[in-house]
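Terms are defined where they are first used.

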Amino acid sequence: MTTTTDKGTANGAATAATIADDAEIAIRGLSLAYDVRRSKKEGGATSLLALDDINLDIRRGEFLSIVGPSGCGKSTLLYILAGLIKKTAGSAKIEGMEVVAPTLHTGIIMQAYALFPWRTVQKNVEFGLEIKKVGKQERRQIAADFLEMVGLSEFASRYPYELSGGMKQRVAIARALAYDPEVLLMDEPFAAVDEQTRGQLHEQLLSIWEKTGKTIVFVTHSIEESIFLSDRVVILTPSPGRVKETIDIDLPRPRPAELKSSAEFAVYRKQVWQLLQNHGELIEEILLEDGNTSLEAVPFVEGI
Ligand SMILES: Nc1ncnc2c1ncn2[C@@H]1O[C@H](COP(=O)(O)OP(=O)(O)OP(=O)(O)O)[C@@H](O)[C@H]1O
Ligand SMILES: [Mg+2]
């Protein structure tokens with residue numbers, strides 16, 4: 001297991017010289033402050049620093065997860081990479097090009113399902129292909145292939161309101177994949193689905209990722225999910241978001257679901273958990289009778 005603070009630099013500051021040759025995404029000194037409107041009584045307009053000096057290289061074909069407390073700027077980071085909002089300072093490059101607007105090079109799957117309610121499932125998936133001006137026949141075929149990949153061929157002519165949360169999320173994945181972006185940005189895509197469906201979606205996503213070689217940046221609140229899916233997990237600090245630590249997940253692939261109950265998995269879980277804790281608590285790994293381990297929070301008393 002290896003941990004680094006942003007490519008090994010002690011303070012998270014990377015320089016141009018440290019950009020890896022295989023970096024698909026290179027983020028340097030990235031900060032974002034939102035303008036916040038307040039009443040005169042409250043002191044008038046101000047700004048809120050959501051992200052502060054983020055430095056991160058993401059390799060081509062890497063599966064990278066981002067975890068951090070609510071409000072630490074995870075969605076903000078994805079929106080900047082998707083070209084949906086403009087950074088305040090620093091640089092975010094994809095394939096060496098500064099991100100300034102949305103492009104078909106990058107697909108985003110939003111925190112809330114963002115399907116077009118007036119379009120059928122099939123037409124939702126065809127959307128990016130229409131923008132790309134792909135012909136009707138080819139569009140239909142590509143959309144059908146991706147719907148088959150996510151197991152929704154039978155639902156092609158249905159509308160989003162007729163689908164369950166997990167199904168909507170699979171349509172969103174098919175839609176993002178259909179126009180063949182190199183980079184897939186996923187913002188808590190499975191947060192609203194039940195445990196069993198989530199497990200199935202993990203398998204599907206990993207198999208799609210292995211088949212297509214996409215670069216995936218995946219935001220989640222689930223420590224388990226982040227470890228199970230990823231090559232690396234980035235932990236952000238509470239607001240303003242900074243890179244607290246980056247952990248390499250050296251677990252073999254393919255990863256069967258049983259891996260989640262293994263001892264080596266528990267070690268990663270403990271590590272990420274600890275990094276997410278407040279300073280007032282430590283997490284202890286308890287050895288259970290069946291040989292597995294459990295993570296327990298224990299109060300941290302200074303000096304002991
Ligand atoms: N449009 C906006 N205007 C002003 N402040 C905003 C705006 N969007 C987000 N913020 C603030 O920026 C900070 C980061 O928000 P962001 O949505 O990126 O957090 P997050 O890590 O994705 O949180 P969560 O885990 O709850 O989804 C928060 O304090 C939030 O209140
Ligand atoms: Mg968010």
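## Sheet

An open sheet is formed by 4 strands in the order β3-β2-β5-β6, with antiparallel pairing; helices (H or I, at least four residues) and strands (E, at least two) are DSSP runs, numbered from the N terminus, and two strands pair if DSSP finds at least two bridges between them. The edges of this sheet are β3 and β6 (97-98), each of which pairs on one side only. The antiparallel strands β2 and β3 are joined by 10 bridges, and A26 stands opposite D57 in β3.

This is a predicted model, in which local features need pLDDT of at least 70 and side-chain atom pairs count only at pLDDT 80 or more, while totals for chains, interfaces and linings use all residues. Residues are numbered from 1 along each chain as its sequence is written, and chains are lettered from A and ligands numbered from 1 in the order in which they are written.

## Shell around ligand 1

There are 14 residues around ligand 1, of which Y34, S70, K74, S75 and T76 come nearest; a residue is near a molecule or strand if its C-beta atom, placed from the backbone, lies within 6 Å of it. At least two residues of this shell are supplied by each of β2 (23-36), β3 (46-59) and α1 (74-81), and the largest share, 3 residues, comes from α1.

By class, the shell around ligand 1 has 5 nonpolar, 8 polar and 1 charged residues, where Ala, Val, Leu, Ile, Met, Phe, Trp, Tyr, Cys and Pro count as nonpolar, Asp, Glu, Lys and Arg as charged, and the others, Gly among them, as polar.

## Helix packing

Helix α2 (residues 121-131) packs on α3 at an angle of about 120°, with their axes 9 Å apart; axes are lines fitted to C-alpha atoms, for helices over the stretch in contact, and angles run from 0 to 180 degrees between N-to-C directions. That angle makes α2 oblique to α3, since angles under 35 degrees count as roughly parallel, over 145 as roughly antiparallel, 65 to 115 as roughly perpendicular and the rest as oblique. The contact joins V121, Q122, V125, E126, L129 and E130 of α2 to R139, I142, A143, F146 and L147 of α3, two residues being in contact if their C-beta atoms, placed from the backbone, lie within 7 Å. These residues divide into 7 nonpolar, 1 polar and 3 charged.

Helix α3 (residues 136-149) also packs with helix α4 (residues 165-178), at an angle of about 135° and with axes 9 Å apart, which makes α3 oblique to α4. Here I142, A143, F146, L147 and M149 in α3 meet A174, L177 and A178 in α4, a contact with 8 nonpolar, no polar and no charged residues. Between α4 and helix α5 (residues 195-212) the angle is about 10° and the axes are 11 Å apart, so α4 and α5 are roughly parallel to each other. G166, Q169, R170 and L177 of α4 make this contact with T197, L201 and I208 of α5, and its classes are 3 nonpolar, 3 polar and 1 charged.

## Backbone details

The peptide bond from S239 to P240 is cis, with omega near 0°, and P240 lies in the loop between β10 (232-236) and β11 (243-248). R253 and P254 are likewise joined by a cis peptide bond, with omega about -5°, and P254 is placed in the loop between β11 and α7 (263-276).

In strand β3, D53 has a positive phi of about 55° although it is not a glycine.
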